[in-house]
Amino acid sequence: MGRRAAGERGAALTGGGAGGPHWAEALARAALERRGWTTLAANARVPGGELDLVMDDGAALVFVEVRQRADGGCGGAAESIDGRKRARVRRAAALWLARHADRGADRGVRFDAVLVDGDRAAPRVRLVRDAF
C-alpha cells in the first residue's frame with residue numbers, strides 16, 4: 001500500500017455502527033469527527049474521480065481514502081489501494097484543490113486511508129496517516 005506497510009503506522013479507530021449505502025465511509029467519517037476532525041466534503045465528485053472524504057484535522061487538509069473488505073480472500077483493505085488508485089486520488093485531489101483554493105491548502109495536504117476489514121457486524125477500523 002505505498003512506501004510502508006499499513007500496519008506500521010496504523011492506529012485503531014473505534015466506532016459504532018453506521019448506516020446508509022456506504023456504511024464504511026460513514027463509519028470512518030464518524031470516527032474521524034470524534035477525533036475532532038472537520039468534514040469539508042464527502043463523496044466529492046470531480047471529473048474522472050471521487051474523493052471519499054476531505055477533512056481538516058486542525059493542522060492539514062486531509063484527503064481520506066476509505067477501503068473496506070469483508071474478508072481477506074482477495075487481500076485486505078490495505079492491499080486494495082494500488083498505484084493506479086493512489087494516482088486517481090491524487091488527480092482528484094488536485095482538481096478539488098483547484099476548485100476550493102480557499103479551503104486552507106496553504107497549511108499542507110496529506111493523504112490518509114481508513115481501512116475497514118470485516119463486515120458491519122464486526123468491523124476492524126484503522127487509520128493510516130500519510131498512506132500515500
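**View 1. Aromatic pairs of the predicted model.** The structure holds three aromatic pairs, where rings of Phe, Tyr and Trp (its six-membered ring) pair if their centres lie within 6.5 Å, and planes under 30 degrees apart count as stacked, over 60 as edge-to-face and the rest as tilted. Because this is a predicted model, local features need pLDDT of at least 70 and side-chain atom pairs count only at pLDDT 80 or more, while totals for chains, interfaces and linings use all residues. Residues are numbered from 1 along each chain as its sequence is written, and side-chain values use heavy atoms, with hydrogens and water left out.

**View 2. Phe63 and Trp96 form an edge-to-face pair.** Their rings are 5.9 Å apart centre to centre, with 85° between the planes. Phe63 lies in strand E4 (residues 61–69) and Trp96 in helix H3 (residues 83–99), so the pair ties together parts that are 33 residues apart in sequence; helices (H or I, at least four residues) and strands (E, at least two) are DSSP runs, numbered from the N terminus. Phe63, at 1% relative accessibility, counts as buried, a word that means under 20% relative accessible area, with exposed over 50% and partly exposed in between (1.4 Å probe, protein chains only). Trp96 is buried as well, with a relative accessible area of 3%.

**View 3. Phe63 and Phe111 form a stacked pair.** The ring centres are 5.5 Å apart and the planes stand at 25°, so this pair is stacked. The pair links Phe63 in strand E4 with Phe111 in strand E5 (residues 109–117), 48 residues apart, and both residues are buried.

**View 4. One aromatic cluster.** Phe63, Trp96, Phe111 and Phe132 together form one aromatic cluster.
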